[in-house]
Amino acid sequence: MSKEDLNMEVNELAVKEILDELNVATKNVAKNLENEMLRKMGSNEKYNCFYHAPTVILVSGKDEERSKVMDCSAATQNMLIAAESLNIGSCWINRCKEMFELEKGQEYLRKWHLEDYVGIGCCILGYVEKTLPEKKILENRIIQG
Ligand SMILES: Cc1cc2nc3c(=O)[nH]c(=O)nc-3n(C[C@H](O)[C@H](O)[C@H](O)COP(=O)(O)O)c2cc1C
């Protein structure tokens, strides 16, 4: 194994550790939310809010920016479309939003020098193991004047 390969493996392990920690923190927050579906997800041992994806992009906006939610949402959607065009699997993950407002999430934002930023959402990326069933396009969804 070359030094570069070893460094990559160490990095992958470090990233996995961070994502595992963020997953646990997200689920702990979800357990106490009002929404029943989220509470169930938080208590489900098998559930991983990032679906074990190897790459998670945190999309965050400067707190002082009025349009941060819209800007970050547009950026996330563009990432999903770009990923699809490259045959990379992706999913928009909002589930960790509340976690980034609390202790563990704030700790990470400080660590990443993002203390002036708000975590709006995440985009997970990875290669798809199973081909997904063809998506049925719903009819009569476009209204033309
Ligand atoms: C704003 C937004 C937030 C989402 N957050 C999550 C999430 O936290 N976890 C998740 O599994 N999927 C999340 N999704 C993905 C949806 O669950 C769903 O897979 C996606 O919108 C595709 O929907 P469709 O199957 O109706 O085309 C989110 C989607 C959007 C638009």
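The chain has five helices and three strands, where helices (H or I, at least four residues) and strands (E, at least two) are DSSP runs numbered from the N terminus, and the order of the elements from that end is α-α-β-α-β-α-α-β. Please keep in mind that this is a predicted model, in which local features need pLDDT of at least 70 and side-chain atom pairs count only at pLDDT 80 or more, while totals for chains, interfaces and linings use all residues. Residues are numbered from 1 along each chain as its sequence is written.

As for the overall picture, the C-alpha atoms fill a box of roughly 60 × 40 × 35 Å along the principal axes, and 21% of the 145 residues count as buried, a residue being buried if 20 or more other C-beta atoms, placed from the backbone, lie within 10 Å of its own, exposed if 12 or fewer, and partly exposed in between.

Let me turn to two loop residues. Tyr 51 sits between helix H2 (36–43) and strand E1 (55–62), and its phi is positive, near 50 degrees, although Tyr 51 is not a glycine; with 13 other C-beta atoms within 10 Å, Tyr 51 is partly exposed. Asn 87, in the loop between helix H3 (68–85) and strand E2 (89–93), also is a residue other than glycine with a positive phi, about 60 degrees, and Asn 87 counts as exposed because it has 8 C-beta neighbours inside 10 Å.

Finally, which residues are around the ligand? They are Cys 91, Trp 92, Ile 93, Asn 94 and Arg 95, taking a residue as near a molecule if its C-beta atom, placed from the backbone, lies within 6 Å of it.
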